[in-house]
Amino acid sequence: MKKVYFIALVTISALFSGCKGGAGGELVGVKTKKVSSSKVPYGMVYVPAGTFIMGQTDQDITFAQVAQNKQVTVQAFYMDETEITNSEYKQFVHWVRDSIAITDYLQDPKFYIQSKGKDASAGGKKYIDWRKVGADGSAIWGNKKNSANANKLQAMYYQGEDRVFDRNEIDVRLLKYNFATMNLREAANHRGNKNKKRSDFILRDTVAIYPDTLVWLADFAYAGNDPMTEGYFSHPSYANYPVVGVTWRQARAFTVWRTRLYEGSTQGQRNPRLPFELPTEAEFEYAARGGRVGTDYPWGGPYIRNAKGCLMANFKPGRGNYNDDGGAVTVNVRSYYPNDFGLFNMAGNVAEWTSSAYDESASTFVHDLNPTFSYEAKASDPEVMKRKVVRGGSWKDIGYFLQNATRTFEYQDTAKSYIGFRCVTRFPGRDIRDKNSY
């Protein structure tokens, strides 16, 4: 009996040793750690892959002919169930603020770590230990007893005649986010060019990330929106309202930061998510339709009121009766009913940036699989090349702009009081219900 056990043990050992040496010469593939991508990211919903008729379902009352019908297919993705809120965007602002405070002003080793948890030293790459920074930067800004810190941070406040009543207010002009990301479309366009280097396809940008709070006055001549300018982004009452006053470039910078934020939380483990990005206009329209066919609005259609006569979104009803839908300007991001995908305010509240560049004839030349037209505009390019597609309509728009197929544009460096955004991240597989797809 013992002899049988011994032979079995030797056989098993031989099998394992054979695997280590290349599985006995068989092609078995590279062994990788299984990662489940079926967990829906926090605050997002899963949008399954599908085919739909992209383009107008109602009369083209503007005769613009920029939303012609085309059958297209989009792959599965996750999408924020609401627009990005003031509170969520403020997390980005505070991260940039605290990073600048630590690296440029405090330079205190206690806020740094190195690989394998070692304390930061004078040499080598330094990383901020956000656990030591505390909630909302309390270890930096909340310690009033530490006069040394206060003195070092004084330069981050407005100085001289820029101060009001000698208050310490952060100079928001200092809050700039530096990032680098790959321009894959440009790389694909030049993949056969031997004179190009990898660095030629790395997009590097520095973006001032604080929202333009003056949009509430700049967008409307002779309108008393001073309270919105003073309190919309800063007052707690507006924490769960959509962030506005954000340019397209700022929105893209947010998506890069959000990707890095998640990657940093994985602590070196394999990342189960693809990068966060702005949705393409095809993804936005498909998600807005909520799986419905031939409907005008996210809730169906063709009417903008339900059976009880209640308005279904936040927009400009009639000739200026802004309060008729329950909100004179923006409202909480979870107002009104979500569509069949579980997405709130895909029409109304604020219009939303997409990643797509605007071209009037885009529907005629984009592909029918994951269609989009993208263009990385240079500073020297004419303004017509800096247009980005805006979808969904807003609180100040008439009902026409709330339709699923209505497309318009805004310039990428322009901030408005009626434009916000939300993020997507593509699903790495065929379908979330298919266990063999991830």
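This is a predicted model: local features need pLDDT of at least 70, side-chain atom pairs count only at pLDDT 80 or more; totals for chains, interfaces and linings use all residues.
1. Start with the largest nonpolar core, which has 55 residues. The members touching the most others are Tyr89, Phe92, Tyr177, Ile209 and Phe421. In general, nonpolar side chains in soluble globular proteins tend to be buried together.

2. Where does this core come from? Elements giving it two or more residues are β1 (44-47), α2 (86-106), β7 (176-182), α7 (215-218), α9 (248-265) and β10 (351-357). Helix α2 supplies the largest share, nine residues.

3. Phe421 is worth a click. Setting aside neighbours within four places in sequence, Phe421 is in contact with Glu83, Ile84, Tyr89, Val243, Val246, Ala251, Phe254, Leu278, Glu352 and Trp353. There's also a second, separate core of 17 residues, with Val74, Phe284, Tyr286 and Val424 among them.

4. Now the sheet: four strands, open, in the order β1-β4-β14-β9, with antiparallel pairing. β1 and β9 (276-277) sit at the edges, each pairing on one side only. Four bridges join β1 to β4 (residues 77-80), and Val45 has Met79 in β4 as its bridge partner.

5. Helix α10 (residues 281-289) packs on that sheet and touches β1, β4 and β14 (424-426). The direction of α10 makes about 75° with that of β4.

6. On cysteines, the structure holds zero disulfides. Are Cys310 and Cys423 buried or partly exposed? Cys310 has 42% relative accessibility, so it counts as partly exposed. Cys423 counts as buried because its relative accessibility is 0%, and the cut-off for buried is under 20%.

Technical notes. Residues are numbered from 1 along each chain as its sequence is written. Side-chain values use heavy atoms; hydrogens and water are left out. A disulfide is a pair of cysteine sulfur atoms within 2.5 Å. Buried means under 20% relative accessible area, exposed over 50%, partly exposed in between (1.4 Å probe, protein chains only). A nonpolar core is a set of buried Ala, Val, Leu, Ile, Met, Phe, Trp, Tyr and Cys residues joined through side-chain atoms within 4.5 Å. Contact means heavy atoms within 4.5 Å. Two strands pair if DSSP finds at least two bridges between them. Axes are lines fitted to C-alpha atoms, for helices over the stretch in contact, and angles run from 0 to 180 degrees between N-to-C directions.
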